[in-house]
Amino acid sequence: MSLEFFIVTFVKIALLIFVLLTACAYSTYMERKILAYLQNRVGPSYAGPFGLLQPLADGLKLIFKEDIVPDRVERITFALAPVVSFIPAMLIFAVIPFSSEFDLFGLLPSPTEGVISDLSVGVLFIFAVTSLGVYGLVLAGWSSGSKYSLLGGIRSSAQMISYEVGYALSIVGVVLVANTLSLTEIVSLQSGSLFNWYIFKQPLGFMIYIVCAIAETNRAPFDLAEAESELVAGYHTEYSSMRFSMFFISEYANMLAVSAVAVTLFFGGWAGPFLPPIFWFLIKILAFMFVYIWLRATFPRFRYDQLMDFGWKVLFPLALFNIMLTAALEIL
Amino acid sequence: MFEQLFPILLLFVVAAVLAGVLISLSIFIGRRTKLGKKGQPYECGIDPEGTTREPFPVKFYMVAILFILFDIEVIFLYPWAVISKELGMFGFIEMLVFVLILLVGYFYILGRGALKWD
């Protein structure tokens, strides 16, 4: 292994973390602003021009807040839970190709691949890491020693594992078409023309994927984990200051991650004309984030039995049907 | 192999350190007061009642067990999906049989009402 490999890897990881944390901060701004306009309000507008410094102000405020560890918590798991939910959210991005080969405006000695790790089983890795996210919620809910946290934790873990099945099944369709588990190969198979995008070969798979992804990230209309009207804030009720913001960051990082996976699997990844690849990648992710916020402004929350029924009795059979249909079309 | 796995390990370590630093930042910088009543679990402002460690519905366990079963069966689909074109008709029929067996189990648990929420 050359020294260059280590340096390049480290530079890429540093860039990723920086971009990701900024993106998380500004997704909150984007969400508040868009939500505000959809509801005929103005949204954050005091901190800086158009309120653009609001995320910074929020971040600083959270750092200076008192870090409360309530009396009844299980201390070790309580401290571990935010970290456990933060790490998987970051790890997903390790295998997502964000650009073609690049050399960072000539700063790197030779062009390097636009992905942190070109894992040959990238799809399985994503699948595995997404499942890990549930541990953070369970640990937080159980260790807090508060009833709301416990209820929120149990509810959301049951919800997440139920939709996990549909999530994994919807990706099998893409693998059937691409015949590879490597995400860089999946992206290169989709390049060339708009009609190579797998959304056109897997429309049903994409619909199932996006529904499961929203349920996986506990977002409206599936946000039963933190149903404000009944559970206060769900599993992170007892958390404050930076521990709370770890959950907050990982929620937004997870949203960005499932959007990035959707872009990679169904919308051609970084491929696009004229603009540099990284811009296409970001534009497509932004479009997904907008849909996320739009959904939140549009739909009321599901009831819990509707949610579980929908996952097990509609999405699961539908996803199996999609797989067999795709297989039949591809093979026969 | 090393080239594929090392960056992931490094990202894992960086993310863990970052989370640790951010959390300890607020522990050291954040103001501190006596906990007192603040240390009680939040229950809308009134004194908390009873304990948190109470039994909860067994349905949640059922869902977790069923998830493990179905998730493992989903994993069997991935290797086939990668080489489905080479296996051709043979693989397709094999998988059809596999999915049918899966569906038998699925309808069995539906019939027993394991996924019924009311």
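**Exercise 1.** State how many helices and strands chain A has, and decide how compact chain A is.

*Solution.* Chain A has 11 helices and zero strands (DSSP runs numbered from the N terminus: helices are H or I, at least four residues; strands are E, at least two). Next take the radius of gyration, computed over C-alpha atoms, and the globule rule, 2.2 Å times the number of residues to the power 0.38. For 332 residues the rule gives 20 Å, and chain A comes close to it at 20 Å, so chain A is as compact as a globular protein of that length.

The model is predicted: local features need pLDDT of at least 70, side-chain atom pairs count only at pLDDT 80 or more, and totals for chains, interfaces and linings use all residues. Residues are numbered from 1 along each chain as its sequence is written, while chains are lettered from A and ligands numbered from 1 in the order in which they are written.

**Exercise 2.** Classify the angle between α1(A) and α1(B), and list the residues in contact.

*Solution.* Step 1: the axes of α1(A) (residues 3–38) and α1(B) come within 10 Å and cross at roughly 45° (axes are lines fitted to C-alpha atoms, for helices over the stretch in contact; angles run from 0 to 180 degrees between N-to-C directions).

Step 1: α1(A) is therefore oblique to α1(B) (under 35 degrees is roughly parallel, over 145 roughly antiparallel, 65 to 115 roughly perpendicular, the rest oblique).

Step 2: Phe5(A), Thr9(A), Ile13(A) and Ile17(A) meet Glu3(B), Pro7(B), Leu10(B), Leu11(B), Val14(B) and Leu18(B) (contact: C-beta atoms, placed from the backbone, within 7 Å).

Conventions. Contact = placed C-beta atoms within 7 Å.
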